[in-house]
Amino acid sequence: MCTVCGCGEGETKIEGHGHDHEHPHDHVHDDHHHHDHEHTHSHEHGHDHGHAGSHEHTHDYGQGPAHAHAPGLSQARMVQIEQDILGKNNAYAADNRRWFEQHGVLALNLVSSPGSGKTSLLTRAISDLTGELAMAVIEGDQQTSNDAERIRATGVKAIQINTGKGCHLDGHMVGHALQSLAPDNGSVLFIENVGNLVCPAAFDLGEAHKVAILSITEGEDKPIKYPDMFHAADLMLLNKIDLLPYLDFDVEQCIDYARRVNPRIKVIQCSAKTGEGMPQWYQWIRATRQITMINQPADQTASPSAQV
């Protein structure tokens, strides 16, 4: 549940993990701590972590922090609710990150507003990199499996998460999706987040990098209007530059705005339609993946499906 916008009143559904029934989950991670997840999908989740400091907590996706918007709730209570939710999310994200690192999986969290061209960029990248890199996709949308079907048409395995009224993915959802998806060791996992430039900035999924995609049709001031997202991103893909001759868009001003909120952000201008700038993105992926592979523990050879 999001305290920023009150999202999450609807149920979340993950292909292979429908959240409309009760089912147990048994998670074993390579650090040898054991996650017994028993999920009664009235959205109360008990977790026995099977190690010192075991704790129990609940995920009240359908009820909790939406009440932060109720009259009479104090600002201090709203802050406490948000801290509790983000703290729980960060624990799940840490488990995801540990698994990614142990298996040499480069996880990239693709974030943008709706209509920026995320899926088009992704399908073009997959088509161009097939045969060179092992890849998989977690696809997040409020409803439909349209984008996951587009991804699967490329031959790459993908799993759909429908968040209902939720406006972002979280670490728990991604952890569940990994059970069915089982990315290959040494692969690149693209996580296409729900289209939203606000809430996904706050929710760590365990990814190595956030990649913010901004279309030139959105206006050059988006980085300063939504600074948290661009501050959290390591790379900004400035997409649809093939439309520059037809729009009043100041590229340099946009890049300047992005670097005001995040001086370290890397910017690549590209077009999913024409392919311009795409090789630079692919080179960034290759270089980043190489770092991931160098840091992978040498003894991690087990199948991901046995470890998530």
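Visitor: Where do we start? Is strand S11 buried or exposed?
Guide: Five of the five residues of S11 are buried, so this strand is largely enclosed by the rest of the structure. Buried means under 20% relative accessible area, exposed means over 50%, and partly exposed is in between (1.4 Å probe, protein chains only). Strands (E, at least two residues) and helices (H or I, at least four) are DSSP runs, numbered from the N terminus.

Visitor: Where do these numbers come from?
Guide: This is a predicted model, in which local features need pLDDT of at least 70 and side-chain atom pairs count only at pLDDT 80 or more, while totals for chains, interfaces and linings use all residues. Residues are numbered from 1 along each chain as its sequence is written, and side-chain values use heavy atoms, with hydrogens and water left out.

Visitor: Back to S11. Which residues sit on which side?
Guide: Leu235, Leu237 and Asn239 are on one side, and Met236 and Leu238 are on the other. Both faces are covered. In a regular strand the side chains alternate between the two faces of the sheet.

Visitor: How many bridges join S10 to S11?
Guide: Five, and the two strands run parallel. Val211 has Leu235 in S11 as its bridge partner. Two strands pair if DSSP finds at least two bridges between them.

Visitor: And how many join S11 to S12?
Guide: Four bridges. S11 covers residues 235-239, S12 covers residues 266-269, and they run parallel. Leu238 has Gln269 in S12 as its bridge partner. Met236 stands opposite Val267 in S12.

Visitor: What does the chain pass through from S11 to S12?
Guide: Helix H7, residues 251-261. This β-α-β crossover is right-handed. That term applies if, with the strands pointing away from the viewer, the path from the first strand over the helix to the second runs clockwise.

Visitor: What does Asp234 touch?
Guide: Leaving aside neighbours within four places in sequence, Asp234 is in contact with Ala208, His209, Lys210, Arg264, Ile265 and Lys266. Contact means heavy atoms within 4.5 Å.

Visitor: And on the way out of S11?
Guide: Lys240 lies in the loop between S11 and H7. Lys240 has a positive phi of about 65° although it is not a glycine. Most residues other than glycine have a negative phi.

Visitor: Which other residue has a positive phi without being glycine?
Guide: Thr144 has one, near 70°. Thr144 is in the loop between strand S7 (135-141) and helix H3 (146-152). At 41% relative accessibility, Thr144 counts as partly exposed.

Visitor: Which residues of H8 are buried?
Guide: Met278, Trp281, Tyr282, Trp284, Ile285, Thr288, Arg289 and Thr292. They cover an arc of only 155° around the axis, which puts them on the same side of H8. The arc is that of the directions from the helix axis to the C-beta atoms. On the other side of H8, Pro279, Ile291 and Ile294 are exposed.

Visitor: What do the buried ones pack against?
Guide: Several elements, including strand S6 (106-111), helix H2 (118-129), S11 and S12.

Visitor: Where is Gly186?
Guide: In the loop between helix H4 (171-181) and S9. At 4% relative accessibility, Gly186 counts as buried. Among the residues in contact with Gly186 are Arg289 and Met293.

Visitor: Last one. How many helices and strands are there in the whole chain?
Guide: Eight helices and twelve strands. Of the 308 residues, 55% count as buried.
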